[in-house]
Amino acid sequence: MKKVSAKANSNIALVKYWGKRDHSLNLPAVPSISITLDALYTETTVIFDPEMNSDSLILNRVQASEKETKRITKFLELIRQKKNITTFAKIESINNFPTAAGLASSASSFACLALAASTAAGLSLNRSELSALARIGSGSAARSVFGGFVEMKLGEKKDGSDSVAEPLFPASHWDLSVLIAITSEEKKKTGSTDGMELSRITSPYYQSWIESSVSDIEEMRSALLKRDFEKTAEISEFSCLKMHALAMASNPGLIYWNGTTVELIHGIRQMRSNGIPVFFTIDAGPQVKAVCPAEYTKIIQNNLLQVKGVKRVMQTALGGDAEILKVEDCN
Ligand code: 2P0
């Protein structure tokens, strides 16, 4: 029996994922590109214990709800099937940032669980297989397997084995800083999974969203390669606002923003027109992430804190791959 601890960083997409083409394998309908965040991470410890009668999950030091545990059990079944075992697992997981407030906790959680649980079960998956496994837990988790700049491929195969993330550039490629303006710590009302399904079924913009995603990816890849800040800013904001327009045009409309989110969008654009290199991106929640070259961190942080309604501002550099922290033999 091995007790395995792992760590995985969160990520934010610069070209967004919204929509699935297959539910059971959790295959995305669009490719995406993200940056991995060093200061926002999950640490998870897993042991498969023959004395357990069911899986047990302790999340942020508290026994998880039945719903949360069920989602984990469904995920662990994939690992048990691969290894041909029936043993239940004991899991302890900690996020060092607010859960379910649009800060991509499922990305770091499932990347971390995929790595810790597959290792604890005795599977040795390569990074691509790990990414495919993490994807089944949560689409964005496939990207958190890797550090730096990451592309989630659409893939073509029916079994989803090529619908995996791949590293584009390491974090050292471009010294970017991410400032996260927290505008609310409340749990969001509609999670991403339900939100994207609603958009697929009801939003008249869905088909255009799918079709236009490919050129966004190509342009973003090239902008990142050249470290072209202006172009990176343009495509990121375009992809972000397009995703939110798609969500807002669902029926009933999904509005993930609050008033402060909108003030921040204007504030960041104002800074950019004043010559400060910064752009925004926003996920399925009201927090605003401002991305800038590292040397502009302080001035932008001060400006964001001036915006009424901003509760606090977190800062992070880009981070590395998901990694094993510790393996203990418990026989
Ligand atoms: C992204 N988001 O690309 C997009 C932008 C939120 C907005 O990936 O259903 O929790 O588990 O695959 O990964 C959040 O969606 O969704 C997400 P599931 P996930 O980061």
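Asn 26 is buried, with a relative accessible area of 7%. The model is predicted. Asn 26 also has a side-chain polar atom 3.2 Å from an oxygen atom of the ligand, and its phi is positive, at about 50 degrees. The points below start at the ligand, move on to the aromatic rings, and end with the backbone.

**The ligand and its shell**

- The ligand is surrounded by 18 residues. The closest are Tyr 17, Lys 20, Gly 139, Ser 140 and Thr 193.
- Sorted by class, this shell holds six nonpolar, seven polar and five charged residues.
- Helix H4, residues 192-202, supplies the largest share of the shell, with three residues.
- In the side chain of Ser 138, an N or O atom lies 2.8 Å from an oxygen atom of the ligand.
- For Arg 143, the distance from a side-chain N or O atom to a ligand oxygen atom is 2.7 Å.
- On its own, the ligand has 470 Å² of accessible area, and the protein covers 94% of that.

**Aromatic pairs**

- The whole structure contains five aromatic pairs.
- Phe 75 and Phe 110 form one of them, an edge-to-face pair.
- Phe 149 and Phe 169 make another edge-to-face pair, with 6.2 Å centre to centre and 75 degrees between the planes.
- Here the link runs between strands. Phe 149 is in strand S8 (residues 149-152) and Phe 169 is in strand S9 (residues 165-169), so parts 20 residues apart in sequence are tied together.
- Phe 149 is buried at 0% relative accessibility. Phe 169 counts as buried at 14%, because the cut-off for buried is under 20%.
- Trp 174, Phe 229 and Phe 279 are linked into a cluster by ring pairs.

**A charge over a ring**

- Lys 7 places its charged end over the ring of Tyr 41, 4.2 Å from the ring centre.

**Backbone exceptions**

- Most residues other than glycine have a negative phi, and most peptide bonds are trans. The next points describe exceptions.
- Asn 26 is not a glycine, yet its phi is positive. This residue sits in the loop between strand S2 (20-22) and strand S3 (27-28).
- Asn 84 is not a glycine either, and its phi is about 60 degrees. Its loop lies between H1 and strand S7 (89-95).
- Is Asn 84 buried or exposed? Asn 84 counts as exposed, at 72% relative accessibility.
- Asn 251 and Pro 252 are joined by a cis peptide bond, with omega at about 0 degrees.
- Pro 252 is placed in the loop between helix H6 (229-248) and helix H7 (259-273).

**Pro 170**

- Pro 170 is in the loop between S9 and strand S10 (176-182).
- Pro 170 counts as exposed, at 52% relative accessibility, because the cut-off for exposed is over 50%.
- In sequence, Pro 170 and Ile 201 are 31 residues apart. In space, C-alpha to C-alpha, they are 37 Å apart.

Methods: Residues are numbered from 1 along each chain as its sequence is written. This is a predicted model: local features need pLDDT of at least 70, side-chain atom pairs count only at pLDDT 80 or more; totals for chains, interfaces and linings use all residues. Side-chain values use heavy atoms; hydrogens and water are left out. A residue is near a molecule or strand if one of its heavy atoms lies within 4 Å of it. A polar contact is a pair of N or O atoms within 3.5 Å; within protein, one must be able to donate a hydrogen and the other to accept it, and residues adjacent in sequence count only if both atoms are side-chain atoms. Accessible areas come from the Shrake-Rupley method with a 1.4 Å probe; for residues, only the protein chains shown count as cover. Helices (H or I, at least four residues) and strands (E, at least two) are DSSP runs, numbered from the N terminus. Ala, Val, Leu, Ile, Met, Phe, Trp, Tyr, Cys and Pro count as nonpolar, Asp, Glu, Lys and Arg as charged, and the others, Gly among them, as polar. Rings of Phe, Tyr and Trp (its six-membered ring) pair if their centres lie within 6.5 Å; planes under 30 degrees apart count as stacked, over 60 as edge-to-face and the rest as tilted. Buried means under 20% relative accessible area, exposed over 50%, partly exposed in between (1.4 Å probe, protein chains only). A charge sits over a ring if NZ of Lys or CZ of Arg is within 6 Å of the ring centre and within 35 degrees of the ring normal.
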